[in-house]
Amino acid sequence: MGLVRIFGRLLPAALLLLWVAVPAEADGLGRFEKLIKPQIPAGALTYKSAKALGESGFVLDGVVITPPPEKTGAKTEKIEIKRISVEDLDFAALEKQLPPNFARVRVEGVVIDGKPAEGVDLKELAGLDKLTVDFQLDYRFEPDRKTLSLNRVELDLNGLGRLEVTMILDGVSPDSAGNTDAAMNDASLRTASVVYEDRSLLGKAVPAGAKAQGVEPAALVTTATTTLAALRMAAGPATQAVVDAVSSYVEDYKQPKGPLRITFNPPGKISGAALAAAAGPEDVIKALGIAVFYAGTVSKPATASAPSAAAPASLGAKADCTAGARFFVLHDDSWQAVTVRKPGKAGECSAKIDGGDDELSFAPEKALAWSIDGPGKPLGKCQTGAKVLVESDGAWHPGKVADKPFADGQCPIKFDSDDMDEDTVLLKRVRQLD
């Protein structure tokens, strides 16, 4: 709960620069310094240097944010930040006094003091006097399609752990933002992913929690796994698989064998209201298409037979053309994520492009495995001439690294398509197939 409160304080700071309505100026920095900055309360934001990132972005270095006190008379804690990068922002919406339909923001080097929230003591929890945190937010809202794509929300507790969330919601409208009942009935989850990568947090937090309760760490872990085991006994195969992965991860708290990844791929449209009426965990897991992946999972004997998971597709491999399966397919000169609707004719798959209304058929042996991170594998570093795939508006476009790599993990890219101009992109948006 303490980390949630930390996140809650960081998010408003990260978004402080996004929700002020301003007219357009020459570039991103000009828009900020001339029109946004004067509207921020005096002393709330200071920085050492700044530069523009094209027409819709800017970078601030050496930032200090002084948020208003949580209550009258309370001490205000300053937040020191190494860098705030607003890489892309919907200024057109801001000009109309509307929230931005898209934004891509990075907040790096946020310094958290030893007691960031009530009941949280970093010294006791992790032996730290302070903590450095990085935060990323990347989202796009399409009002016409009523689709909200949360491309990435990432909280990186340097040296401790990293949490990443992605999500696509359909049936979202500005009118339902303040109406909980309407949002529960109209909005539906298309897909989501939650990834937690532990670096040392669990190995420090579990002993600290055990000490606070006056027990040994092993006893605390046993209590957790016993509770999960009880849930497993009365559950179906879907719940059993989830429990096995989570239990194994808890047991490996000292040194997990890789990240814990939870994916949500509902086989059909389902709303929050429908989930509230579910009979039990098994119904919820099946309705949401929940799967939990952990490399160190130790599977227990199943109490009922469960269908084996389909192997992920790869270029040249036979894909499983079942409804709800997801792949990357080459369409209009780019690799795009699709969801299979049904088996097609002549051995092909009939699918719908994610985030759109277009339907297509594809040969399963030419599909790429779907991953929340994109097709292929990460590119370790930018090398001149390397053939790559670059993400742009949800699609992955073929190209190559054009020249000498830029600083700050950016790569100059020349795209294969003549319709796309050369661009400089962050390494995290670049993948490779080989």
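Predicted model: local features only at pLDDT ≥ 70, side-chain atom pairs only at ≥ 80, totals over all residues.
Helix 8 (residues 237-251) packs with helix 7 (residues 217-233) at an angle of about 175 degrees, the two axes lying 9 Å apart. Because angles over 145 degrees count as roughly antiparallel, helix 7 is described as roughly antiparallel to helix 8. On the side of helix 7 the contact is formed by V221, A224, T225, L228, L231 and R232, and on the side of helix 8 by T239, Q240, V243, D244, V246, S247, V250 and E251. By residue class, this contact comprises 7 nonpolar, 4 polar and 3 charged residues.

The 15 residues of helix 8 should span 21 Å at 1.5 Å a residue, and the computed separation of its end C-alpha atoms, 21 Å, agrees with this expectation. Within helix 8, the buried residues are T239, Q240, V242, V243, D244, A245, S247, S248 and Y249. Their cover includes helix 7 together with strand 9 (188-198), helix 6 (201-213), strand 10 (260-264), helix 10 (281-288) and strand 11 (290-293).

The largest nonpolar core contains 41 residues, of which F32, V63 and I81 have the most contacts inside it. At least two residues of this core are supplied by each of several elements, including helix 2 (28-36), strand 3 (58-65), strand 4 (79-89), strand 5 (102-113) and helix 8. When neighbours within four places in sequence are left aside, V63 is in contact with L45, T46, Y47, I79, E80, I81, K82 and I84. Another core, of 12 residues, lies apart from the largest one, and V338, C349, A351 and A367 are among its members.

Notes
Residues numbered from 1 in each chain as written. Heavy atoms only, no water. Axes fitted to C-alpha atoms, helices over the stretch in contact; angles between N-to-C directions. Helix = DSSP H or I, 4+ residues; strand = E, 2+ residues; numbered from the N terminus. Parallel < 35°, antiparallel > 145°, perpendicular 65-115°, else oblique. Contact = heavy atoms within 4.5 Å. Nonpolar A, V, L, I, M, F, W, Y, C, P; charged D, E, K, R; others polar. Core = buried A, V, L, I, M, F, W, Y, C linked by side-chain atoms within 4.5 Å. Buried < 20%, exposed > 50% of the residue type's maximum accessible area, 1.4 Å probe, protein only. Expected span 1.5 Å × (residues − 1).
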